[in-house]
Amino acid sequence: HEPVAAALRNKKDSSMRVMADLVKEGSAAAAVSAGNTGALMAISRFVLKTLPGIDRPAIAGILPTVKGHCYVLDLGANVDCQPEHLLQFGIMGAMLVSALEHRDTSNSGPSVGLLNIGEEDIKGNETVKRAAELLKESGLNFYGNVEGDDIYRGVTDVVVCDGFVGNAVLKASEGLAQMIAGALKEEFSRNIFTKMAALAALPVIRAFRRRFDHRSYNGAGLLGLRGIVFKSHGSAD
């Protein structure tokens, strides 16, 4: 619960700071932390610095879709963003897909969507509207605005949003998955007949759990730094 500025200024020997220093000096190849997200972002940014053209690191994670998966950023590192930051997130997201899935970042490359409350250009606040204009002019394969349900329909390869919205989407998604899993367990436990049905459906249930269990990949990369940093979920087991 300590303020980020205090953690950065007063705790130079904290495990999080020592971890970042080890990555900077090359003693460690990567850093992983389940600690305070704001402190991790601030310390990593201060120690490792950002790549050229990137003002702020962004947490990029993978969410399941009907077509496989998509990459969403920012998931919580930056609560308040300017249009230029959202543009940078889009560029980093496209580069991430290019690196992991061997696809170029040109107009025929990974598609980038901007999370909004509607598909129309007139929707959203001024920050999102201006970000859409910048993304259109960027040379990326910009799809346009996408809504929350478009994420899971796999409309785009990359979904861009600020950290406040992204973190809310992530936590809501995890909560929904847990609720569905709990409801299935409750329904299959109602009586002897549903329990027998559960035994028959066990392979399907296990496959469902593997596909949607957020604990399978509980970490997300902090993109834009001169070093590898992963933020692990605070509730990870």
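This is a predicted model: local features need pLDDT of at least 70, side-chain atom pairs count only at pLDDT 80 or more; totals for chains, interfaces and linings use all residues.

Student: How are two packed helices described, and at what angle do H4 and H5 pack?

Tutor: Two packed helices are described by the angle between their axes and the distance between the axes. Helices (H or I, at least four residues) and strands (E, at least two) are DSSP runs, numbered from the N terminus. Axes are lines fitted to C-alpha atoms, for helices over the stretch in contact, with angles running from 0 to 180 degrees between N-to-C directions. Here helix H4 (residues 83-101) and helix H5 (residues 126-136) pack at about 45°, and their axes are 8 Å apart. H4 and H5 are therefore oblique to each other, since angles under 35 degrees count as roughly parallel, over 145 as roughly antiparallel, 65 to 115 as roughly perpendicular and the rest as oblique.

Student: Which residues make the contact between H4 and H5?

Tutor: Contact means heavy atoms within 4.5 Å. On H4 the residues are Pro83, Glu84, Leu86, Leu87 and Gly90, and on H5 they are Thr127, Arg130, Ala131, Leu134 and Leu135.

Student: Is Ser44 buried or exposed?

Tutor: Buried means under 20% relative accessible area, exposed over 50%, and partly exposed in between (1.4 Å probe, protein chains only). Ser44, which is placed in helix H3 (residues 37-48), counts as buried because its relative accessibility is 2%. A polar atom of the Ser44 side chain lies 2.7 Å from the backbone oxygen of Leu40. Leaving aside neighbours within four places in sequence, Ser44 is in contact with Lys49, Leu222, Leu225 and Val229.

Student: Where is Lys49 found, and what is its phi?

Tutor: Lys49 is found in the loop between H3 and strand E2 (58-65), and its phi is near 70°, a positive value in a residue other than glycine. With a relative accessible area of 42%, Lys49 is partly exposed.

Student: Where does Ile117 lie?

Tutor: Ile117 lies in the loop between strand E4 (111-115) and H5, and is exposed, with a relative accessible area of 66%. The C-alpha atoms of Ile117 and Val146 are separated by 7.8 Å, although these residues are 29 residues apart along the chain.

Note on methods:
Residues are numbered from 1 along each chain as its sequence is written. Side-chain values use heavy atoms; hydrogens and water are left out. A polar contact is a pair of N or O atoms within 3.5 Å; within protein, one must be able to donate a hydrogen and the other to accept it, and residues adjacent in sequence count only if both atoms are side-chain atoms.
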